[in-house]
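This report covers helix packing, a pocket and salt bridges. Please read it with the model open.

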Amino acid sequence: MMKNDINCREDIILLVDTFYNKVQKNNKIGPIFTEVAKVNWAHHLPKMYDFWESILFGKAIYKGNPMLTHFALNNKTPLKETEFNTWKEIFFETVDELFTGQNAEIIKQKAQSIADLMHFKLNSPKQRINIV
């Protein structure tokens, strides 16, 4: 199969749907999404389409604060380096499986930066805040 680059919202949707399908089946982080966060996928997935479309294509369509959401989740279950590494592995694998090209590389770099910053903020004593 000839792979194309990530060029439009439909490509983002394919990536996000495929990625989260794998996440839900993953023994390490799947339960965080399904049992701890109890993600409503019908609500979550369209937000993720908007998020990644905003990140990759610079469209200001995403509304939300992912840091606050992850701080609240981190209070329920620790999100440590292992969880972030698993998330990144699945994300990179999914991108590479479906796409090739400049945007595919850019989205992986952005995902790496976002995940690393989020991990740092969640696990840095100075940055820690408790969300009620």
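## Helices and their packing

The buried residues of α1 (9-25) are covered by elements that include α2, α3, α5 and α6. Contact here means heavy atoms within 4.5 Å. Helices (H or I, at least four residues) and strands (E, at least two) are DSSP runs, numbered from the N terminus. The model is predicted: local features need pLDDT of at least 70, side-chain atom pairs count only at pLDDT 80 or more, and totals for chains, interfaces and linings use all residues. Residues are numbered from 1 along each chain as its sequence is written, and side-chain values use heavy atoms, with hydrogens and water left out.

Which residues of α1 are buried? They are Asp11, Ile12, Leu15, Val16, Thr18, Phe19, Tyr20 and Val23. Buried means under 20% relative accessible area, exposed over 50%, and partly exposed in between (1.4 Å probe, protein chains only).

α1 has 17 residues and reaches 24 Å from its first C-alpha to its last, close to the 24 Å expected at 1.5 Å a residue. The expected span of a helix is 1.5 Å times one less than its number of residues. α3 also has its length checked: its 17 residues should span 24 Å, and its end C-alpha atoms are 23 Å apart, which agrees.

The buried residues of α3 are Trp41, His44, Leu45, Met48, Tyr49, Phe51, Trp52, Glu53, Ser54 and Leu56. Their cover includes α1, α2, α4, α5 and α6.

Tyr49 is found in helix α3. It counts as buried because its relative accessibility is 11%. Leaving aside neighbours within four places in sequence, Tyr49 is in contact with Arg9, Ile12, Ile13, Val16 and Asp17. The C-alpha atoms of Tyr49 and Phe19 are separated by 12 Å, and the two residues are 30 apart along the chain.

Trp52 also sits in helix α3. Its relative accessible area is 3%, so Trp52 is buried. What does Trp52 contact, leaving aside its neighbours within four places in sequence? The partners are Ile12, Val16, Phe57, Trp87, Phe91, Ile107, Lys110, Ala111 and Ile114. From Trp52 to His119, 67 residues apart along the chain, the C-alpha separation is 18 Å.

## The largest pocket

Rolling a probe the size of a water molecule over the atoms shows where empty space is left. The largest pocket has a volume of about 740 Å³. Of the 28 residues that line this pocket, the closest to its centre are Tyr20, Phe33, His44, Thr69 and His70. On a 1 Å grid over the protein atoms alone, a pocket is an open set of points where a 1.4 Å probe fits, with protein on both sides within 12 Å along at least five of seven lines; lining residues have an atom within 4 Å of a point. Grid points are joined across faces, edges and corners, and a volume is the space filled by probe spheres set on the points.

α2 (30-36), α3 (41-57), α4 (66-76), α5 and α6 each supply at least two lining residues. α3 gives the most, with six. The lining divides into 18 nonpolar, seven polar and three charged residues. Ala, Val, Leu, Ile, Met, Phe, Trp, Tyr, Cys and Pro count as nonpolar, Asp, Glu, Lys and Arg as charged, and the others, Gly among them, as polar.

## Salt bridges

A salt bridge is a side-chain nitrogen of Lys or Arg within 4 Å of a carboxyl oxygen of Asp or Glu. The count comes to nine by this rule.

| Salt bridge | N to O distance |
|---|---|
| Lys59 and Glu53 | 3.2 Å |
| Asp116 and Lys88 | 2.5 Å |
| Glu105 and Lys108 | 3.1 Å |

Asp116 forms a salt bridge with Lys88. This pair links distant parts of the chain: Asp116 lies in helix α6 (residues 102-123) and Lys88 in helix α5 (residues 81-98), 28 residues apart. Asp116 is partly exposed at 33%, and Lys88 is buried at 8%.

Glu105 and Lys108 are three residues apart in helix α6, so about one helical turn separates them. Glu105 is partly exposed at 39%. Lys108 is buried at 12%. Elsewhere, salt bridges that share partners join Arg9, Asp50, Glu53 and Lys59 into one network.
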